[in-house]
Amino acid sequence: MATNVKRKKKKAEVMAEDGSMTLTGHLKELRNRLIICAVVFVVGVIGFLAVSDKLIDLLTAMARNANYTFVFLAPQEKLMQYFRVSLIAAVVITVPVALYQIYAFAKPGLKRSESFFFKLVLLLGLMLFCVGILFAYKVTLPFMLNFLVTLEGTDYITASISIESYVNLCLTMFIIFGCVFEMPLITIILSKMGIANPEIMKKGRGVAIVLIFLVAAIITPPDIVSQCFVAVPMCLLYFISIFLSGIFYKPKEDDDDEEDDEEEDEPDEE
């Protein structure tokens, strides 16, 4: 009997009389979803620590093919890179889980069309970020490393690279290209909001290209090769974004007109 009373009290805390979830219920659900993300992250860290040497081998493979030799300059430097790579790999695994938890938490309050668009944004964003990282790993970094190691100069200068600086370079390029490849998704969102106008984007493409090269010069290492390898994909993505903007662009005036029409139709329906 006492157990049933406790269950009813707990249910009353979570669900209101009209069947909707109370603030306490939302907070409990949010807590549970955060716990799931934390557990996935901790398990990921422990799991990736067990194979951290293979992760380092994967990162350094393209440089070893270019005859780079890696060193560590501080006693703890090598060990810290193993921990660092494991933490980042765990974050990568946790992000899709966290995105799903965000969607599941927001789903009850979304309309069917909003729910579909939300899922599209999450899946497309995750896919584009992974494509950006893959592009950096397979195309940009190998070419950049081969180019830099084959620069003509004095023969007595050899490439012995600190493992920390190399991991920093890889992670920086992965983050840059992952974010850069999100440009089409951002354009779709802004177009749906009526902000990204395809005509304005077409007229301003010259200024946009200059700004892209300026941004590439700021966010990349100080060499022209790195800048071009970031700027050129950004320019291509900008032109793709113009095309997508033309498909998804929805002027604000149309939204206002639709709302006015709905308001006019409501009295007639009554």
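Trainee: Is Y238 buried or exposed, and what is its relative accessible area?

Mentor: Buried means under 20% relative accessible area, exposed over 50% and partly exposed in between, with a 1.4 Å probe and protein chains only. Y238 is therefore buried, since its relative accessible area is 12%. This is a predicted model in which local features need pLDDT of at least 70 and side-chain atom pairs pLDDT 80 or more, while totals for chains, interfaces and linings use all residues. Residues are numbered from 1 along each chain as its sequence is written, and side-chain values use heavy atoms, without hydrogens and water.

Trainee: How many aromatic pairs does a search of the whole structure find, and how are the rings of Y103 and F118 arranged?

Mentor: Rings of Phe, Tyr and Trp (its six-membered ring) pair if their centres lie within 6.5 Å, with planes under 30 degrees apart stacked, over 60 edge-to-face and the rest tilted. The search of the whole structure finds six aromatic pairs. The centres of Y103 and F118 are 5.9 Å apart and their planes stand at 25 degrees, so this pair is stacked.

Trainee: What kind of aromatic pair do Y238 and F239 form?

Mentor: F239 is partly exposed, with a relative accessible area of 40%. The ring centres of Y238 and F239 are 6.2 Å apart, and with 75 degrees between the planes the pair is edge-to-face.
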